[in-house]
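Keep the view handy as you read.

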Amino acid sequence: MSRINTNVESLISRRAIGINNRSLNQALERLSTGLRINSGKDDPAGLIASETLRSNIRAISSAIDNANRADTIISVAEGGLQEVSALLLELENLVDQTANETGLTSEEVSANQSQIDAILASIDRLAQATAFGSKKLLNGTLDFTTSGVNVIESTGAAVSHLASVKVNSAKIPNGSYRSVNINVVAKSQVALLSSVLAGTDGSGVRNGTLGDTTTIQFTGNYGTETLTFASGATAAAIATAITASKELTGVSATASGATGEPKSLILQSTTYGSDAMVSVSILENASTAFVSQAATATKYGVNGTVTVNGANAVVKGLDASVRTGGLSMDFTLTPTFGGTTGGTTSFEITGGGAVFSISPEVGLSGQESIGIAGVAASSMGNTNGGFLSTLRTGLTNDLSSENFATAQRIVRAAINQIASLRGRLGAFQKNTLQSTINSLQVARENVTAAESAIRDADFAVETSNLTRAQILVSSSTTVLRLANAQPQNALSLLQ
């Protein structure tokens with residue numbers, strides 16, 4: 001080289017050593033942080049994708065935490081319900097024992113009543129005390145609220161077409177409500193059996209009486225009763241006797257017929273639907289009892305057809321339930337409404353329920369809700385049979401009233417309510433929360449793997465790059481030293 005003002009080889013070497021130093025620094029940074037992308041310049045598109053995936057990971061992790069918290073809350077509620085269930089079983093034991101009237105003294109009955117009062121007080125205490133932090137779980141605050149269940153007629157009176165409404169879950173937009181429209185497409189029917197009595201007057205004309213002494217066995221949903229009627233007993237007298245035993249049998253009776261015509265004896269079940277039944281067996285003088293009827297006859301009721309917001313409900317007598325993606329509800333129709341084809345009613349679910357956000361996407365679609373009804377003694381039971389609180393001393397169904405059959409039905413209704421609520425909570429934990437947690441955990445693993453593939457450093461690659469950069473920096477430094485020494489050769493021309 002004969003020029004000394006411009007050392008091109010030195011410039012080339014300096015550029016190369018700068019590049020190699022940057023490669024060395026990049027390899028050192030990636031190995032020290034474990035990340036392939038440490039700033040936007042490392043991979044702009046990769047950084048955008050990585051940050052999006054990181055956001056998804058955080059959302060998924062929060063959803064898993066929320067689902068685990070929901071599972072804990074439901075477990076606390078279920079623990080309280082388990083104790084309430086045990087108290088109700090003890091309550092039925094006391095009622096059943098006391099029903100053995102002759103076998104107990106008045107002191108024992110009084111002691112049993114004291115135990116019942118204590119049990120009811122304990123149930124009320126559990127309803128108020130079961131809580132997660134400051135949030136009460138079993139006092140009814142986590143039940144859904146409704147509006148318009150009682151219909152205002154033109155007369156101004158409030159008429160209820162629904163005996164009870166229990167909303168299990170509903171998706172309700174914030175600040176809004178969910179309308180529920182119920183249509184009775186076909187009515188539910190009682191079991192019905194009727195016949196003209198075969199007795200006649202002196203001229204041989206039927207007069208709606210029994211032709212001879214007759215023993216008849218009546219069977220309904222609750223039990224069986226056998227009654228004997230004298231010859232000439234009227235349909236009205238027989239109906240009165242049968243109705244007097246309806247609490248025992250579940251069968252009531254009326255006498256009906258056109259003016260001047262013999263009265264028919266009409267038997268019907270006190271309940272509705274395909275489970276309702278009326279059975280009559282004539283044990284004595286069947287030929288003189290009823291006209292054109294076999295010695296034994298049985299009739300069953302019919303379940304109606306009901307739609308809720310256009311979806312078919314599952315109907316069992318006057319009880320119905322609907323399960324759709326946005327609404328799960330159980331309700332009981334009144335006999336007047338459910339026993340009439342073409343009836344319609346509507347109401348709104350205005351809020352309430354235990355609402356949990358268990359999806360990475362915050363919003364209505366990512367929420368799951370469940371209604372947790374209050375379990376106080378005044379809340380358990382139903383309007384038809386009565387409520388559990390009526391078993392307290394001095395009230396309608398305490399032990400001194402001797403309404404043991406009614407008390408037992410109330411207690412069993414309460415037991416079924418608690419069992420149903422526990423079952424719903426268990427299904428919510430198992431089929432909603434646990435399955436969601438499992439699914440989200442798999443999703444978090446996959447998204448984390450995708451984010452790692454984009455952003456994390458491959459140590460094998462980066463170690464190779466470090467070694468390569470170290471060698472290149474060392475060699476380029478040597479070359480730069482040689483290039484800087486080259487102009488010294490020009491001095492030899494001056495000697």
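What follows is a tour of a predicted model, starting with helices, moving on to charged pairs and ending with sheets.

Two packed helices are described by the angle between their axes and the distance between the axes. For H2 and H7, the angle is about 165° and the axes lie 7 Å apart. Since an angle over 145 degrees counts as roughly antiparallel, H2 and H7 are therefore roughly antiparallel to each other. If you look at how they cross, the crossing of H2 and H7 is left-handed. And what kinds of residues make up the contact of H2 with H7? They divide into 33 nonpolar, 14 polar and 11 charged residues.

Now for the charged pairs. Side chains of opposite charge can pair when their charged atoms come close. How many salt bridges does a search of the whole structure find? It turns up 10, and we'll visit some of them here.

Start with Arg455 and Glu51, which form a salt bridge whose closest N and O atoms are 2.5 Å apart. Are the two partners buried or exposed? Arg455 is buried, since its relative accessible area is 8% and the cut-off for buried is under 20%. Glu51 is partly exposed, with a relative accessible area of 38%.

Another salt bridge brings together the side chains of Glu78 and Arg422, at 2.6 Å from N to O. This pair, too, links distant parts of the chain: Glu78 belongs to H2 and Arg422 to H7, and they are 344 residues apart. Here Glu78 is buried, with a relative accessible area of 18%, whereas Arg422 counts as partly exposed at 24% relative accessibility.

For the next pair, stay with H7 but look for another helix. The side chains of Arg409 and Glu247 meet in a salt bridge, 2.8 Å from N to O. Arg409 is in H7, while Glu247 is in helix H5 (residues 246–249), and the two are 162 residues apart. Arg409 is partly exposed at 31% relative accessibility, and Glu247 is partly exposed as well, with a relative accessible area of 45%.

Strands of a sheet pair through backbone hydrogen bonds, either parallel or antiparallel. Zoom in on E17 and you'll find three bridges joining it to strand E18 (residues 319–323), the two running antiparallel. Within that pairing, Val315 has Ala320 in E18 as its bridge partner.

There is also an open sheet of five strands, in the order E3-E20-E7-E15-E16, and its pairing is antiparallel. Strand E3 (144–147) and strand E16 (311–312) stand at the edges with a single partner strand each, so one side of each is left without a neighbour in the sheet. Further in, four bridges join strand E7 (residues 178–186) to strand E15 (residues 305–308), and these run antiparallel. To spot this in the view, look for Ile182, which stands opposite Val308 in E15.

Conventions:
Residues numbered from 1 in each chain as written. Predicted model: local features only at pLDDT ≥ 70, side-chain atom pairs only at ≥ 80, totals over all residues. Heavy atoms only, no water. Salt bridge = Lys/Arg side-chain N within 4 Å of Asp/Glu carboxyl O. Buried < 20%, exposed > 50% of the residue type's maximum accessible area, 1.4 Å probe, protein only. Axes fitted to C-alpha atoms, helices over the stretch in contact; angles between N-to-C directions. Parallel < 35°, antiparallel > 145°, perpendicular 65-115°, else oblique. Left-handed = near helix turned anticlockwise from the far one by under 90°. Nonpolar A, V, L, I, M, F, W, Y, C, P; charged D, E, K, R; others polar. Pairing = 2+ DSSP bridges.
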